[in-house]
Amino acid sequence: MSALENETETNCTADETAENTEENDKLALAEYISGLEARIKQKTEMRNSNLNCVRPPDNYFSKLDSGLKKNTTFVKKLKSFSAIQMDALLKDYSVLNLTKYISEVAAAIAEAKLKMSDIPAAINLCSALHRTYSEFSSNFFENWQKLLKVADKITNSSKLRVDIRFYAELVAVGVFPNKIGLPLLGNVLTVLINMDKEEPNNIPILLSFCKHCGEDYAGLVPKKIKDTAEKLNVQIPRNTFLPAEKQAVVRQLLKDYFATLMKHLLEERAQLQALHAANQRTLHTRGELSQERKDQLEHHQATYDKLVAGAQSFAEVLGEELGEAGEPPTLSMTVTETPGTVTIGGTEEFNMQAGTDPWQDEDTRTFYTHLPDLKVFMPNYQLKETTKSKTETVTEEMLDEDLKEDELSDSEEPAVPDVEDDHQPASVSNKYALDAFLNELPNCINRELIDNAAVDFVLNLNTKNNRKKLTRVLFSVARTRLDLLPFYSRFAANLYPVLPDVCIDLCQMLKQDFKYHVRKKDQINIESKIKVVRFIGELVKFGLYSKMEALYCLKVLLHDFKHHHIEMACNLLETCGRYLYCNPDTHQRTMIYLQQMMRKKTVSALDSRYVTQIENAFYYVCPPEAPAQPKEEEPPMHQFIRKILHEDLQKSNEEKIFRLMRKINWEDPEIAAVAIQHLAGGWRVRASARRALARMAAELAVWQEMVAPCVVDAVLEDVRATLEDPHPRHNQRRIATVRYLGELYNYKLLDSRDVFTVLYSFITFGVSNDHTVISPLDPPDNVFRIRLVCALLETCGAYFNSGSSKKRLDYFIIFFQNFYWFKCSDPIYTEENKFPIYVKYIYQECLTTLRPKLTLFTDWQQCKDAIEELRQTLYPELGEEEYDNEDQGDDSVNDGLDTIIESDDETDNPQLMDESSDDEPLTENAGTEDNEVQTDDKDNNMGNEPRRPAPKPVEDVEFESAFEKMVMENIAERQRENRPQQRDIAVPMTCRQTTKKTYDQLLVGSQGEEGVEFVLMVRKGTKPQYKSFNAPPELASNLQQQALADKQEKERVKRLTLNISERQEEEEYSAESGGGSGGLGNPNRGQHVRQKYQHPKGAPDADLIFGPKKFK
């Protein structure tokens, strides 16, 4: 039924679309017809007025101004005619007598450089002149005969295009009669069409005539309008100034021209395909195309594109179809190669990786291909023609020829460009600025800095002398700073569009330096040689150094393939070999040189170091084909969860995504595990969406109990795992995870104790607190943990401003300052290698933000004194044994590397007390299978099915039944016991109200005998009755003594209970402070006992400060 409804809806939608299209066609047709009728009416009225005009008498001109000055000025204005001047010209025209100047007026209008938008205004002016002056038309026509005399070659096609339309409009409105005007127009069109029989150059002129005058002269109607009119049986009006027979003649003339154009298009298409195929054969047999062939192909491609555009426009105007000529040319000639041959075909695949992507990743592609356009910073800059280098460039023929010994025998040193000495006072500041710029250039070690440096040089330091100095500095880069070569090459590539001389000089210097090292044939300065070839390779990837030149360098090195030449060739291939191999222009030759290199390695007895370098370079350029690993398809639901949480989540759509997350099947363990994994991945989302993800986890925790503990545990585990691997590649992830942990605390998904545990782990886990002992988990030069602490405090530290959290933070700040100054005072930081200044600023800003009035410590000794004072204040009875355990054998080094024991806080989450037990066995294997993950989750009370608990074991069921039976028996025995009599019963309220005494009764009672007042309760019927009487004290003394004894017994039991609690706390405190030395032996010896973490000397102990955590 649903499929039927969908089909019905689809049909309805199609019908509505068809109706809308038909309505749009009707509206377009009606609009076209109304516009055409208005134009025809306007032209007909103007034509009738021009053909049947009544000119003013002679006495009319006598009243007008015939002065030379004003008439000459009017003629000058006509030579620069534009539609904007129309009102002013008509005003001048109405007061001037142009009888003597009519020939000059006609010549000025004919020679004026008009635009297409100026033609309607010019038609109106010419009509006014024609109706006033009888000699205007004849003089005007003589000028048109001169202008429209088309020669063999058209010099100004743009003016001719405007002139033909202007003249055609003049004939259409009757300024020129048909008998005089039409022959000239027909002659011009015939000449233009005949000129294009050999080569179509006049397409724009004829196309403009068809668009603007085709309705009047050929009855041309757009194809879509014509089809709609025929479909609706609507008659399209036409201009009748030209008979239908003559319109048909003009239309047939244009169609013949279109047929000729199609022939030219097919011929050009065939030539383009043939040229492309020939280039493909040349490319894959010789490895390189000559510049002449490339230019020829580009010229043919541009000509073909221009011809196709003109043919399509003509087809739309004439209502014709392009047919076969409109199909794109077949230029995809794929190439397949075998070990010995190259085969051209159209069906096989190219196996040698030519044309594949030479870049390793998207960042590398961006670095080498996306360059800033410096021309936008120099809007008035015009590139001057640079003088071509006199040195000959490498061609294909030079690569094919054998090397001659005399070419490699010269040993001239490379020439460094001379720098002119500027002694002018005005250049002193410029010199200082250039020196500062060049000194700062080696510090530009990322893309943004080097791009900014290029912009700075272009805007502020762009002089001829500075460019020479810059070229010398780029060439003279230190031989040990190979890391600067890619950035210097990008710097030169940025300057090349506006300052090509820098790049040309640099490439020339590198070429000379390379030849110098090759011709020298010495075995020294290997670092300089490697620097030169790697610099050349980087410039090749930026397109500044010719690929053929690079192949020539490789050929020269392979000619004498030994010693340093081996290392130079390997470094050149490692830098740009992959780029040359994947480029179709140089693929074939690069493959030949690689095979030649491997053959020389095989036949030569080389050192193992050289063999390793050659193999590494070869497999880097041409890696072995590895079998494609099948990519595991991720289920659609997993993709959906990842997309909405990592890509779509933002502050504006939190509610929408929250509803979507609630709708997923949380009963499915796999889906729930994936959802929790993505909720815990705070480092995977954008920084702006991190708070939204934490809020999403907090809102979902209200509906799904397992979300909060699972997400928090995953984040804490991630923090701990990254601490165990201090590699810098995890730094960004560490920062994001720590900030996400702070956001989770802000939304109350974890307690402050957990936050402080993480904070203390940053400054204690793997920290040696001894400069002589280097910890692998916290090297001396690794200051990233300081940033982690500051990031976590910046995220959630503002909430530790009251209560116990404020005091905890104050204590932690002392230990944090101790860790900071421990890092600062490390011996590796000297005057040359200073402590990172940005870390100092982050540290100071963090602490001053949290505690503005805090006075920071200035050295490590102050921190140690403050920690000792804090210890004496909090635990004055503790000895020094925890801080003096330095002689512990082999374990002394590992004290700072032990795992910090983490435990659950029973007081933070009381509802989770009964959810876990030490008796629950842990899973034996931490495998990666799904069922093992689910088992681990259930054992750790983080299962994905909270509403459907797993069945209990048989032993637990038997224990519970026995326990319940025992409890019921005890309750029954308790019920059978005789309860003691209740000696004192409270007096009912009704009795108190009825036994009130008056003042007189009280006076009488006070004067009577002493006694104890009792109330006797008797039952009469179903209602109790109360009678009060005064009993003598002797009768009630027994009851009073028993009540006093009971009260004393309660006080004694209360005092004993309090004493027991205090004694237990004292025992626990003494056991913890005693460090386990002495005392009784362990009664559970042989069982697994959780060992207390032994802190290294000087490290803070969170348990001593905040009290121990109890393990269940």
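Which residues do ring pairs link into a cluster? They are Y760, F812, F815, F816, Y820, W821, Y829, F835 and Y843. This is a predicted model, in which local features need pLDDT of at least 70, side-chain atom pairs count only at pLDDT 80 or more, and totals for chains, interfaces and linings use all residues. Residues are numbered from 1 along each chain as its sequence is written, and side-chain values use heavy atoms, without hydrogens and water.

**Aromatic pairs**
- The structure holds 30 aromatic pairs (Phe, Tyr or six-membered Trp rings with centres within 6.5 Å; planes under 30 degrees apart are stacked, over 60 edge-to-face, the rest tilted).
- Y745 and F800 form a tilted pair, because their ring centres are 5.2 Å apart and their planes stand at 55 degrees.
- Y745 lies in helix α31 (residues 731–746) and F800 in the loop between α33 (784–796) and α34, so the pair ties together parts that are 55 residues apart in sequence.
- Both Y745 and F800 are buried (under 20% relative accessible area, 1.4 Å probe, protein chains only).

**Charges over rings**
- R490 lies over the face of F367, at 5.3 Å from the ring centre (Arg CZ or Lys NZ within 6 Å of the centre and within 35 degrees of the ring normal).
- K864 lies over the face of W860, at 4.2 Å from the ring centre.

How values were computed: Helix = DSSP H or I, 4+ residues; strand = E, 2+ residues; numbered from the N terminus. Buried < 20%, exposed > 50% of the residue type's maximum accessible area, 1.4 Å probe, protein only.
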